[in-house]
Amino acid sequence: MPCRGTCDRHRVSKPGRRGRYATGQVRCQQCGVWMVRDEPACPCCGLRLRRRARRR
């Protein structure tokens with residue numbers, strides 16, 4: 001499902017010295033938006049949110 005643009009309401013800024021995943025932020029690959037959510041899917045496009053970095 002394509003991005004509808006409603007994810008901009010959930011957008012968060014980058015934390016200070018800690019990483020995004022360490023502070024609980026998740027990323028939607030379809031929309032390209034970082035957000036803080038407990039649900040497993042993006043509220044905009046329904047795609048599963050990334051909770052860990054691709055490389056470890």
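Let's start at Gly-16. This glycine sits in the segment before S1. Keep in mind that we are looking at a predicted model. Gly-16 is exposed, with a relative accessible area of 71%. Now look across to Cys-44. In sequence, Gly-16 and Cys-44 are 28 residues apart. In space, their C-alpha atoms are 27 Å apart.

How does that compare with the dimensions of the chain? The C-alpha trace spans about 30 × 20 × 15 Å along its principal axes.

Next, the fold as a whole. How many helices and strands does the chain have? It has 0 helices and 2 strands. Take the contacts with a separation of 6 or more: residues 24 or more positions apart account for 36% of them. The surface, then. The chain exposes about 4400 Å², and carbon and sulfur atoms supply 44% of that area.

On to the aromatics. The count is 1 aromatic pair. The partners are Tyr-21 and Trp-34, with ring centres 5.1 Å apart and planes at 65 degrees. Buried or exposed? Trp-34 counts as buried, at 19% relative accessibility; the cut-off is under 20%. Tyr-21, at 27%, counts as partly exposed.

Last topic: charge. Side chains of opposite charge can pair when their charged atoms come close. Here the count is 2 salt bridges.

One joins Asp-8 and Arg-11, with the closest N and O atoms 2.6 Å apart. Asp-8 is partly exposed at 44% relative accessibility. Arg-11 is partly exposed too, at 46%.

The other links the side chains of Arg-37 and Glu-39, at 3.0 Å from N to O. Glu-39 is partly exposed, at 40%.

To recap: 2 strands and 0 helices, 1 aromatic pair and 2 salt bridges.

Definitions and conventions
Residues numbered from 1 in each chain as written. Predicted model: local features only at pLDDT ≥ 70, side-chain atom pairs only at ≥ 80, totals over all residues. Heavy atoms only, no water. Phe/Tyr/Trp six-rings, centres within 6.5 Å; stacked < 30°, edge-to-face > 60°. Buried < 20%, exposed > 50% of the residue type's maximum accessible area, 1.4 Å probe, protein only. Helix = DSSP H or I, 4+ residues; strand = E, 2+ residues; numbered from the N terminus. Contact = heavy atoms within 4.5 Å. Areas by Shrake-Rupley, 256 points an atom, 1.4 Å probe, with all protein chains shown as cover. Salt bridge = Lys/Arg side-chain N within 4 Å of Asp/Glu carboxyl O.
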